Amino acid sequence: MVFSSALVLGLAVISGVVAKDATVIIPATLSKRALGPDVYGYSIEPIWLDSYINNTLASTLLGHIKDVTGKAPPIRVGGNTADQTYIHDTLPTGNASLPLPALPSVTQFNITPEWYTTWSDYFPEGTDLIYTLNFANNASAWADAVTEAQAVHEALGDKLFMFEAGNEIDHFIHKGWRNASWGVQMYLEQFRNLTGQITDSDWYKSASKQPKFQAGVFADPPLVPDQQDEIDDFSIANLTAAEDEADADIIGSYATHLYPQSTCDTTRWLRMRLDLLSNHTTLWLNVSQYIPQVAAADAAGAPLVMGETNSISCSGKSGISDTFGAALWGVDYVLMAASLGFQKIYFHLGAQSEYSSFTPVPYTLKGEDLVPGIRAGWYGHYFISKIVASASNESFSVSAIPDANSSSLSGYTIYNGNDSLQKLVFLDMGVWNGTEGLSNPSTLSATDGTSFSEGERPNSTLTINTPWAAGSNVSVTRLAGPGTNAKSNVTVSGVTFDPDTGAKVGTEATEIITVEDDGVVKIILPEAHGVLLELSSASPSNGSSSGSESGSGSDGNTSGAITLSSLVACQVGLFAMVVAMVL
């Protein structure tokens, strides 16, 4: 295959190795996007929701995030089994739900209206809940989905933030749920049929808060053909171009899904590697391909969210998905996606999934008996909560730092509502495989690390040129683990969480550094490590950094107008396809 010199040069610039000791200049002008307190959410597979509400582990952990940010993480109840869910007045077993034939190999999930009440009060107060309706079953004019919508609304009330019409509808041909004519136009016709029945119903019209709809819900990445299950015209750009004003009135957001690696087939199984997950360049190649989709959603007046995602599709891969490297990847992913215009990122959970950040019940997997517990990925979420937290409830925006953009280093600026630089985030994504924290009783022991890095763990010194005033105090929060391959002993500035109860253990260690002359900040960054630098509110006033913000979306946040940097991103994003094929 022949590559253009411009594309090769673009990739070389993006993936160049940064020296261990690096100088980072914060530009006076950066394009910013909104960074909300609930940017990091979860998507829970419907058949596993009963397991998660079986005890208080999940609600306790989610409560910790709310304690820090002031806003509970959003929850989407959806996934493959949403389109295999059928509602009945009663079930012969007398239960509120009945998976068939049995967990985890479920092909039909039967529920009653009572099922919704079993989890209506489980999540922290203020949780925005999205529920995915069975859009696949179009028999009897979607009678099942219409009944689901009324029942879930009656149980949740104003807690119900939005509906989704189906999960990964661009796989419906492949699954045998639609014929070869399935595409954007037919989808819109059927979407309007279902949503019209719901919005025209008496219960919806009388609701004090009428839930809108999350549209799209596409699985296939735009530029990676061998991850596309069928040939169709589904994209956010094509969808928004075909919508009318009435559609826009009821659509609250658009959703895409992304899993950068997969165990779903042999070809992709052979490409799974931890060093490719914990890699800023690879992540950029995956996420940047959505820039045109973000722009299309913004132009239509509703935000784009990553409505379901995780490290590796088909439930993850222990030894990759449950490691500290995956935690660093999750932080980088959320901040990168937000800097490109994604409003929220929903990480998928299953009670027996190897990528889940926490698992609520014991189970047997691949011949091993696993216990409930907390995995490394959770600490990435808690670290994110520190990044988005605001003591004064002000809005934040985020930008990627050009000087911190290599395979092993990423960096982000966080601005407050006055457009002043408030926080800095740096992630060393280099792979350091240590000899501690290798096991976790909630993960498979067969995947515990056996290959280790040689010598002493490297440290780098970052010298950062900021607009902050000399003498200002800067607090440091660290996301730390024994190594990229670690499954345990992960902390956020010394804080851990009890794996049985979810209780917070310890208090954050206090680390303060001082801004030097000319706004210089120096910080030690070990390999495979994250730091959050936050300007103290008691520090001398610092200069503001006015970013270029082009246009505004429906929520008043900056939109995804395509700038020169965005065009470069699109160009580089073309390499997602190449990388996926050759890795």
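Student: Where is Phe-234 found, in a helix, a strand or a loop?

Tutor: This is a predicted model. In it, Phe-234 is in the loop between strand S10 (212-218) and helix H8 (236-242).

Student: Buried or exposed?

Tutor: Phe-234 is buried: its relative accessible area is 11%, and buried means under 20%.

Student: Which residues is Phe-234 in contact with, leaving aside its neighbours within four places in sequence?

Tutor: Phe-234 is in contact with Ile-169, Asp-170, Trp-182, Gly-183, Val-184, Tyr-187 and Phe-218.

Student: How many residues apart in sequence are Phe-234 and Gly-183?

Tutor: The two are 51 residues apart in sequence, and their C-alpha atoms are 6.3 Å apart in space.

Student: Zooming out, how many helices and strands are in the chain?

Tutor: The chain has 17 helices and 30 strands. It holds 583 residues, and 60% of them are buried.

Student: What about contacts in the chain between residues at least 6 apart in sequence: what percentage join residues at least 24 apart?

Tutor: For contacts of that kind, the share is 77%.

Student: Now the sheets. Which strands close into a barrel?

Tutor: Eight strands do, in the order S3-S4-S8-S9-S10-S11-S13-S15, with parallel pairing. On average, neighbouring strands of this sheet are turned by 25 degrees against each other, direction ignored.

Student: Which helix packs on the sheet?

Tutor: Helix H5 (residues 143-156) packs on it, touching strand S8 (129-133) and strand S9 (160-165). The direction of H5 makes about 160 degrees with that of S8.

Student: How many bridges join S3 to S15?

Tutor: Five, and the two strands run parallel; S3 covers residues 40-44. Across that pair, Gly-41 stands opposite Tyr-346 in S15.

Student: And S11, how many of its residues are buried?

Tutor: Seven of the eight residues of S11 are buried, so the strand is largely enclosed by the rest of the structure.

Student: What does S11 pair with?

Tutor: S10 and S11 pair in the parallel sense over five bridges, with Ala-215 opposite Tyr-254 in S11. S11 also pairs with strand S13 (residues 304-309), again in the parallel sense and over five bridges. There, Ala-255 has Val-305 in S13 as its bridge partner.

Student: Which strands form the open sheet?

Tutor: Three strands form an open sheet in the order S5-S7-S6, with mixed pairing. Strand S5 (85-87) and strand S6 (97-102) are the edge strands, each pairing on one side only. The twist in this sheet averages 25 degrees from one strand to the next.

Student: How do S5 and S7 run, parallel or antiparallel?

Tutor: S5 and S7 run parallel and are joined by three bridges. Tyr-86 stands opposite Asn-110 in S7.

Student: Different topic. How much space lies in the largest pocket?

Tutor: About 970 Å³. Its lining has 42 residues, and the closest to the centre are Asn-80, Cys-264, Ser-313, Cys-314 and Ser-315.

Student: Which elements give two or more residues to the lining of the largest pocket?

Tutor: Those elements are strand S7 (105-111), strand S11 (251-258), helix H10 (266-269) and strand S15 (342-349). S7 belongs to the open sheet, while S11 and S15 belong to the barrel.

Student: How do the lining residues of that pocket divide, nonpolar, polar and charged?

Tutor: The lining of the largest pocket has 14 nonpolar, 19 polar and nine charged residues.

Student: How many cavities of 30 Å³ or more are there?

Tutor: The count is four. The second largest cavity has a volume of about 120 Å³. Of the 18 residues lining the second largest cavity, the closest to its centre are Tyr-40, Asn-310, Ala-326, Ser-357 and Gly-377.

Student: Which helices supply at least two residues of the lining of the second largest cavity?

Tutor: Helix H14 (324-340) and helix H15 (376-388) each do. H14 provides the largest share, five residues.

Student: And by class, what does the lining of the second largest cavity have?

Tutor: Seven nonpolar, nine polar and two charged residues line the second largest cavity.

Key
Residues are numbered from 1 along each chain as its sequence is written. This is a predicted model: local features need pLDDT of at least 70, side-chain atom pairs count only at pLDDT 80 or more; totals for chains, interfaces and linings use all residues. Side-chain values use heavy atoms; hydrogens and water are left out. Helices (H or I, at least four residues) and strands (E, at least two) are DSSP runs, numbered from the N terminus. Buried means under 20% relative accessible area, exposed over 50%, partly exposed in between (1.4 Å probe, protein chains only). Contact means heavy atoms within 4.5 Å. On a 1 Å grid over the protein atoms alone, a cavity is a set of points where a 1.4 Å probe fits but cannot get out, and a pocket is an open set with protein on both sides within 12 Å along at least five of seven lines; lining residues have an atom within 4 Å of a point. Grid points are joined across faces, edges and corners, and a volume is the space filled by probe spheres set on the points. Ala, Val, Leu, Ile, Met, Phe, Trp, Tyr, Cys and Pro count as nonpolar, Asp, Glu, Lys and Arg as charged, and the others, Gly among them, as polar. Two strands pair if DSSP finds at least two bridges between them. Axes are lines fitted to C-alpha atoms, for helices over the stretch in contact, and angles run from 0 to 180 degrees between N-to-C directions.
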